[in-house]
Amino acid sequence: QVISASDDNTVHIWDVRLDPEIEPRRFKGHTSRVNFTAFSPDGTRIASASDDNTIHIWDVATGREIHKLDGHTNRVYSIVFSPDGERIVSASSDHTVRIWDALSGKEIPCLVGHTGSVYSAAFSPNGKGIVSAGWDQIVRIWDVETNKVIRKHKGHTHYVNSIAFSPDGEQV
């Protein structure tokens with residue numbers, strides 16, 4: 001299956017095994033543009049991030065909204081499930097990185113340190129670290145258990161729009 005996010009405030013899910021002319025399933029709930037979507041590792045849930053400052057978690061099988069995550073005070077640019085599917089990390093123009101319990105919908109901690117919009121965040125392959133990148137031109141690596149900045153990397157001369165760990169977790 002493939003999910004897509006749109007300026008029409010919806011999330012679509014497409015079954016790539018079916019005829020492309022078949023209408024996608026639509027997930028409605030956001031009140032503004034949807035910026036990012038992600039599947040949980042087991043494929044049973046999807047999450048969507050929006051300019052309406054929220055994250056929605058949806059059940060793939062039923063299309064039902066499981067949780068609506070409020071907490072960001074400005075648009076949410078990206079979201080990623082942890083490798084075990086139990087948490088979500090989100091990046092926002094409110095200068096924060098937030099960690100959420102994907103099962104209960106509760107916010108865990110708020111990681112503060114960027115001085116501009118945070119455009120991208122990701123979990124390390126073992127789920128113990130988070131990397132975030134912002135419009136402040138800084139890449140930060142956080143320890144999930146202590147919520148502290150492990151490292152701060154400079155070098156970009158403009159916005160950092162995307163970030164990821166290598167599969168072995170040794171490089172960003």
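**Reading the sheets, strand by strand**

Tutor: Welcome! In this predicted model, an open sheet is built from three strands in the order 1-2-3, and the pairing is antiparallel.

Student: Which strands of this sheet stand at the edges?

Tutor: Strand 1 (2-5) and strand 3 (25-28) do; each has a single partner strand, so one side of each lacks a neighbour in the sheet. From one strand to the next, the twist averages 20°.

Student: How do strands of a sheet pair?

Tutor: The general idea is that they pair through backbone hydrogen bonds, either parallel or antiparallel. Here, strand 1 and strand 2 (residues 10-14) are joined in the antiparallel sense over four bridges. To follow the pairing by eye, find Ser4, which stands opposite His12 in strand 2.

Student: Trp14 is also in strand 2. Is Trp14 buried, partly exposed or exposed?

Tutor: Buried means under 20% relative accessible area and exposed means over 50%. Trp14 has 32% relative accessibility, so Trp14 counts as partly exposed. Together with Val2 and Val16, Trp14 makes a nonpolar surface patch of about 250 Å².

Student: What is the order of the strands in the sheet of four?

Tutor: That open sheet runs 4-5-6-7, with antiparallel pairing. Strand 4 (34-39) and strand 7 (65-69) are at its edges, each with a single partner strand, so one side of each is left without a neighbour in the sheet. Direction ignored, neighbouring strands are turned by 15° against each other on average.

Student: Which residue stands opposite Trp58?

Tutor: Look for Glu65 in strand 7. Strand 7 pairs with strand 6 (residues 55-59) over four bridges, in the antiparallel sense.

How values were computed: Residues numbered from 1 in each chain as written. Predicted model: local features only at pLDDT ≥ 70, side-chain atom pairs only at ≥ 80, totals over all residues. Heavy atoms only, no water. Pairing = 2+ DSSP bridges. Helix = DSSP H or I, 4+ residues; strand = E, 2+ residues; numbered from the N terminus. Axes fitted to C-alpha atoms, helices over the stretch in contact; angles between N-to-C directions. Patch = residues over 30% accessible without salt bridge, like charges linked within 9 Å, V, L, I, M, F, W, Y side chains within 5 Å. Areas by Shrake-Rupley, 256 points an atom, 1.4 Å probe, with all protein chains shown as cover. Salt bridge = Lys/Arg side-chain N within 4 Å of Asp/Glu carboxyl O. Buried < 20%, exposed > 50% of the residue type's maximum accessible area, 1.4 Å probe, protein only.
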